[in-house]
Amino acid sequence: MSMNLAKQTFGTQPDYFVAGTTIGIATAVKVAGAALAAHAPVLLGNDGKVKAIAAVDGSHPLSTTGLYGITAEAAESGEDAIIYLSGEFFADGLALPSGVAAADIEVALRNLGIFLK
């Protein structure tokens, strides 16, 4: 039996991401194709694995093709990732890559049944 002896930091500050209860939250479990941060919008690939949306710069525009949902918690590559498929969430709690704002993906998420506040 092993023990985790790494230093851990805990806090009492609440971390609110779920914004409402009027819309039911549906989830699914998919295998992560890469390391995923908690509350990151993800795309579903042809291989059935999810990956985070890519950062935007001058040569790579934002692509929401295959947008699937938002991760509930962090997951490593090859692990099962819990994905929110619907619900209401705080936009400032999203883990977005550089060059992407919540307003850039708000409509695409709304089409999935995910509403940002």
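Five strands make up an open, antiparallel sheet, in the order 1-5-4-2-3. Strands are DSSP runs of E with at least two residues, helices are runs of H or I with at least four, and both are numbered from the N terminus; two strands pair if DSSP finds at least two bridges between them. Strand 1 (27-31) and strand 3 (50-52) are the edge strands, each pairing on one side only. From one strand to the next, the twist averages 50° (axes are lines fitted to C-alpha atoms, for helices over the stretch in contact, with angles from 0 to 180 degrees between N-to-C directions).

This is a predicted model, in which local features need pLDDT of at least 70 and side-chain atom pairs pLDDT 80 or more, while totals for chains, interfaces and linings use all residues. Residues are numbered from 1 along each chain as its sequence is written, and side-chain values use heavy atoms, leaving out hydrogens and water.

Three antiparallel bridges join strand 2 (residues 41-44) to strand 4 (residues 67-71); Pro 41 has Ile 70 in strand 4 as its bridge partner. Helix 1 (residues 102-112) packs on the sheet and touches strand 2 and strand 4, its direction making about 95° with that of strand 4. Contact means heavy atoms within 4.5 Å.

Thr 71 belongs to strand 4 and is buried, with a relative accessible area of 0% (buried: under 20%, 1.4 Å probe, protein chains only). Not counting residues up to four places away in sequence, Thr 71 touches several residues, including Leu 36, Val 42, Ile 82 and Tyr 84. The side chain of Thr 71 also lies at these distances from two backbone nitrogens:

| Side chain | Backbone nitrogen | Distance |
|---|---|---|
| Thr 71 | His 39 | 2.9 Å |
| Thr 71 | Ala 40 | 2.9 Å |

Note on methods:
Buried < 20%, exposed > 50% of the residue type's maximum accessible area, 1.4 Å probe, protein only. Polar contact = N/O pair within 3.5 Å; in protein donor to acceptor, adjacent residues only side chain to side chain.
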